[in-house]
Amino acid sequence: MMTCIEDLRQAAGRKMPRAFSDFVEGGSYAEQTLAANCADLQRIKLRQRVLIDVSNRGTRSAILGEPVSLPLGLAPIGLCGMVHGDGEILACRAAEQAGIPFCLSTMSVCSIEDVAAAVERPFWFQMFFMKDRGFVRSLVERATAAKCSALVATLDLPVIGQRHRDLRNGMGVPPELRIKNVIDMATKPAWALGIARGKRRTLGNLAGHVGSAKSLDSLSQWIGSQFNVPLSWKDVEWLAGLWPGKLILKGILDVEDARIAAKTGAAALVVSNHGGRQLDGAPSSISMLPAIADAVGSTIEILFDGGIRSGQDIMRAVALGARGCLSGRAYVYGLGAAGQAGVRRAIDNMRRELDVGMALTGVRRIDHIDRRVIAAL
């Protein structure tokens, strides 16, 4: 039985080729920040209470004014469709069934249009500030046409942090086809069959745009050329002028940056260090959440990303000031383990854990979770 996220992680590791498993698991450089995200969450102890009537409780809440079954959304993950065939579509369907948001990555295998045609409810779309502003503009137009309900602008990737595991495995964007990887893939026939049956095996949102990229090398060079560009808060202002809907700023890890973000007119910010995949040695997301929440929580909605692996983790983040959480690796483990059913299992496991955590801390509603449920920081 896959009773928790760790069970899903182990099952996915057995089914996926090593290169893709490492891509999901890995962080940048020595992976210190990656480890700190989970470790610092686990160090926060919940305050157990007794003899409080919690018989009429529920995990329902709201994110960006929209009702959700629990304060959780599925974070944007690049190459999700290489974890499982049609991975982005399956994950979005699972989120739709569960009543929570799904965010599609620019670097997804299934395109914006692929996902929009396969689901009934709007989803979020994540994008980077790339050098080709015409391409950025076209992505915004496509997300608008697909009726995406929010645009998530990733701010913490002006350059790409080095990820040693990916370099060793040739896991760039797009991935290289190395002999050892092909051999490893051949030992995972169920995974390979699922990928073969999927709609795409390339980066769907780039299809038709990078016309000169006739090989993996040239496509990789084009992608690499799109980063390492000068950025400023004026770029956020420019993007907000293009996007007619709710704008979310992802990658805030500093109080000063949070104060600036709160003045941009964005609907929300995400306290995040990119899952430990950018600046190694940066603080964990949870260690910065309380200060950011104290500084701007009354003026902008705060979401949290970084190390969420359980319902108890969701409680910890909400208690310290987050309106809701985003989780990437947790649902990708489910996707790799059992496709759409695995993603739903990941969501349901975290919901049940959250419900039990609420009962044992004497809380009946999500909006009653605050720092009083924390025993020690």
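**Exercise 1. Find which residues glycine 339 is in contact with, leaving aside its neighbours within four places in sequence.**

Step 1: With those neighbours set aside, glycine 339 is in contact with His84, Leu90 and Gly334, where contact means heavy atoms within 4.5 Å.

Step 2: Now place the residue. Glycine 339 is in helix α15; helices (H or I, at least four residues) and strands (E, at least two) are DSSP runs, numbered from the N terminus.

Step 3: Glycine 339 and leucine 90 are 249 residues apart in sequence, yet 6.7 Å apart in space, C-alpha to C-alpha.

Step 4: Check burial. With a relative accessible area of 3%, glycine 339 is buried (buried means under 20% relative accessible area, exposed over 50%, partly exposed in between, with a 1.4 Å probe and protein chains only).

A word on the model before you go on: it is predicted, so local features need pLDDT of at least 70 and side-chain atom pairs count only at pLDDT 80 or more, while totals for chains, interfaces and linings use all residues. Residues are numbered from 1 along each chain as its sequence is written, and side-chain values use heavy atoms, with hydrogens and water left out.

**Exercise 2. Work out how the axes of helix α1 and α15 cross.**

Step 1: The axes of α1 (residues 5-15) and α15 come within 10 Å and cross at roughly 175°. Axes are lines fitted to C-alpha atoms, for helices over the stretch in contact, and angles run from 0 to 180 degrees between N-to-C directions.

Step 2: α1 and α15 are therefore roughly antiparallel to each other (under 35 degrees counts as roughly parallel, over 145 as roughly antiparallel, 65 to 115 as roughly perpendicular and the rest as oblique).

Step 3: Look at the residues that meet. Among them are Ile5, Leu8 and Arg9 in α1, and Ala330, Tyr333 and Gly334 in α15.

**Exercise 3. Find how many aromatic pairs the whole structure holds, and describe them.**

Step 1: The search finds two. Rings of Phe, Tyr and Trp (its six-membered ring) pair if their centres lie within 6.5 Å; planes under 30 degrees apart count as stacked, over 60 as edge-to-face and the rest as tilted.

Step 2: Phenylalanine 20 and tryptophan 191 form a tilted pair, 5.4 Å centre to centre with 35° between the planes. This pair links helix α2 (residues 18-25) with helix α9 (residues 189-197), across 171 residues. Phenylalanine 20 is buried at 2% relative accessible area, and tryptophan 191 counts as buried at 9%.

Step 3: Phenylalanine 102 and tyrosine 331 have ring centres 6.5 Å apart and planes at 75°, so this pair is edge-to-face. Phenylalanine 102 lies in the loop between α4 (87-98) and β5 (103-104) and tyrosine 331 in helix α15 (residues 329-360), so the pair ties together parts 229 residues apart in sequence. Both residues are buried.

**Exercise 4. Trace what the side chain of glutamate 301 reaches.**

Step 1: Glutamate 301 lies in strand β10 (residues 301-305) and counts as buried at 14% relative accessibility.

Step 2: Its side chain reaches the backbone nitrogen of leucine 64 at 2.7 Å.

Step 3: The side chain of glutamate 301 also makes a polar contact with the side chain of arginine 323 (3.2 Å). A polar contact is a pair of N or O atoms within 3.5 Å; within protein, one must be able to donate a hydrogen and the other to accept it, and residues adjacent in sequence count only if both atoms are side-chain atoms.
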